[in-house]
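Hi,

Here is the structure I said I would pass on.

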Amino acid sequence: MQPSPITPLRRVARYGAIASLFALTACNPVVLHPAGDIAQQQAHLVVVATVLMLLIIVPVMALTVLFAWRYRAGNQDATYDPEWHHSTQLELVIWSAPLLIIIALGSVTWVGTHMLDPFRPLDRIAEGKPIPAGTKPLDIQVVALDWKWLFIYPEQKIATVNELALPVDRPVTFHITSSTVMNSFYVPALAGQIYAMPGMTSKLHAVLNKEGEYTGFSANYSGSGFSQMRFKTLGLNAADFDKWADGVRSSKGGTLDTANYMQLEQPTVADPVRRYAAVSADLFDKIVNLCVRPGKMCLSEMMAIDAKGGLGKEGAYNVAALTYDKYGRESVNPLIAGRDLPRDGRSRAYVRELCAVPTLLQAPAPAKGKLTMAAPVRPTPLS
């Protein structure tokens with residue numbers, strides 16, 4: 001008997017299966033085998049939830065095949081009962097098994113959700129290893145830019161771009177925000193993803209337990225440079241972390257102040273690692289409050305004014321500097337302190353153009369940090 005010839009379809013299927021096996025050998029399941037305690041607990045939760053769901057999925061799939069085979073048209077031994085419509089015992093099995101699984105799954109999820117709350121401070125470094133007394137978490141301020149990541153170390157007074165260094169077995173508190181659109185901070189080896197949003201901060205408490213180099217990236221689409229918005233995550237022992245921080249301080253990266261940040265936040269793709277030997281102490285607060293550009297009122301100041309009832313018509317002067325457009329519609333020069341209103345003011349500064357009138361613009365600028373209460377320039381309401 002001659003063997004059947006290998007058709008092109010069979011050849012493609014065979015080579016495809018071999019290629020799939022080789023591809024699987026190159027996989028690094030970092031989500032299920034992470035290097036951080038929080039990520040390990042999350043991986044355990046994923047495994048438990050999957051097993052609980054498979055307890056009902058696998059029997060249903062097996063019984064589907066069994067029933068199709070047993071009650072096929074050609075099986076004359078199977079009981080044929082077209083009038084059958086109900087079985088109490090079968091109904092109990094069908095409803096009780098999924099109900100028990102849902103109860104178990106809900107309980108596990110409820111406990112895990114509260115225990116793994118990213119805002120909840122850590123109570124251990126690893127399983128069976130509590131945090132030593134007197135240990136101070138490392139604060140890191142994270143800013144999602146277009147399309148790169150900025151990391152500010154307030155304790156070390158340094159900053160880096162696309163490079164995150166973490167001391168092993170030391171709790172870390174991340175303060176996360178964005179300079180423009182919503183983004184997502186994700187280091188699979190460390191913990192789950194946390195959204196970064198402009199005008200507010202999110203938190204993440206985590207710890208890295210193994211030395212090595214890991215990958216972090218953006219997990220939320222944010223524009224054309226999203227796919228290359230990645231950064232290196234270095235797990236270092238305490239001595240190596242201090243040496244790394246000293247190396248950043250001794251680098252020639254300069255100081256990350258307001259002027260340098262405004263250049264840094266311009267959209268770029270596939271940026272190399274940058275290091276700043278010093279950083280302005282109030283920079284992160286200005287980024288969160290959308291007032292890095294000189295002359296802008298911070299969101300915190302605006303909310304403080306609103307909390308006191310607002311400024312009314314008399315406060316029109318104080319909102320002349322309010323605009324949060326990022327890319328050129330606002331004037332680079334102040335529209336106050338004796339400057340004329342530009343002819344294309346409407347396309348440059350929306351809030352300024354609405355609130356500013358020539359006589360108001362000729363008034364002297366208020367002292368920094370002080371709000372002036374003057375009589376209304378015009379009695380008619382602002383349009």
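Below is what I found in it, going from the whole chain down to single residues.

One thing to keep in mind from the start: this is a predicted model.

**The chain overall**

The chain has 383 residues, and 36% of them count as buried. You'll find 10 helices and 15 strands in it. If you take the contacts with a separation of 6 or more, 65% of them are between residues 24 or more positions apart. The accessible surface comes to about 23,200 Å², and carbon and sulfur atoms account for 63% of that.

**The six-stranded sheet**

Start with the open sheet of six strands, which has mixed pairing. Going across, the order is β10-β7-β3-β4-β5-β14. That puts β10 (202-206) and β14 (274-276) at the edges, each pairing on one side only. From one strand to the next, the twist averages 20 degrees.

At the β10 end, the neighbour is β7 (residues 172-178), and the two run antiparallel with five bridges joining them. To find that pairing on screen, look for Phe174, which stands opposite Leu204 in β10.

Helix α4 (residues 238-249) lies across β3 (138-145), β4 (148-153), β5 (158-161) and β14. Relative to β5, α4 runs at about 90 degrees.

**A residue in β3**

While you are at this sheet, pick out Gln141, which lies in strand β3. Is Gln141 buried or exposed? Its relative accessibility is 17%, and because the cut-off for buried is under 20%, Gln141 counts as buried. Leaving aside residues up to four places away in sequence, Gln141 touches Leu150, Phe151, Ile152, Pro154, His175 and Phe284.

**The five-stranded sheet**

There is another open sheet, of five strands, in the order β6-β12-β11-β8-β9 and again with mixed pairing. Its edges are β6 (163-167) and β9 (194-196). Each of these has a single partner strand, so one side of each is left without a neighbour in the sheet. The twist in this sheet averages 25 degrees from one strand to the next.

Further in, β8 (residues 183-186) and β11 (residues 212-218) run antiparallel, joined by two bridges. A handy pair to look for is Tyr186, which stands opposite Phe217 in β11.

Which residues make the nonpolar surface patch of about 500 Å²? They are Val31, Leu32, Val46, Val47, Val51 and Leu55. One of them, Val46, lies in helix α2 (residues 37-70).

Cheers

Terms used:
Residues numbered from 1 in each chain as written. Predicted model: local features only at pLDDT ≥ 70, side-chain atom pairs only at ≥ 80, totals over all residues. Heavy atoms only, no water. Pairing = 2+ DSSP bridges. Helix = DSSP H or I, 4+ residues; strand = E, 2+ residues; numbered from the N terminus. Axes fitted to C-alpha atoms, helices over the stretch in contact; angles between N-to-C directions. Contact = heavy atoms within 4.5 Å. Buried < 20%, exposed > 50% of the residue type's maximum accessible area, 1.4 Å probe, protein only. Areas by Shrake-Rupley, 256 points an atom, 1.4 Å probe, with all protein chains shown as cover. Patch = residues over 30% accessible without salt bridge, like charges linked within 9 Å, V, L, I, M, F, W, Y side chains within 5 Å. Salt bridge = Lys/Arg side-chain N within 4 Å of Asp/Glu carboxyl O.
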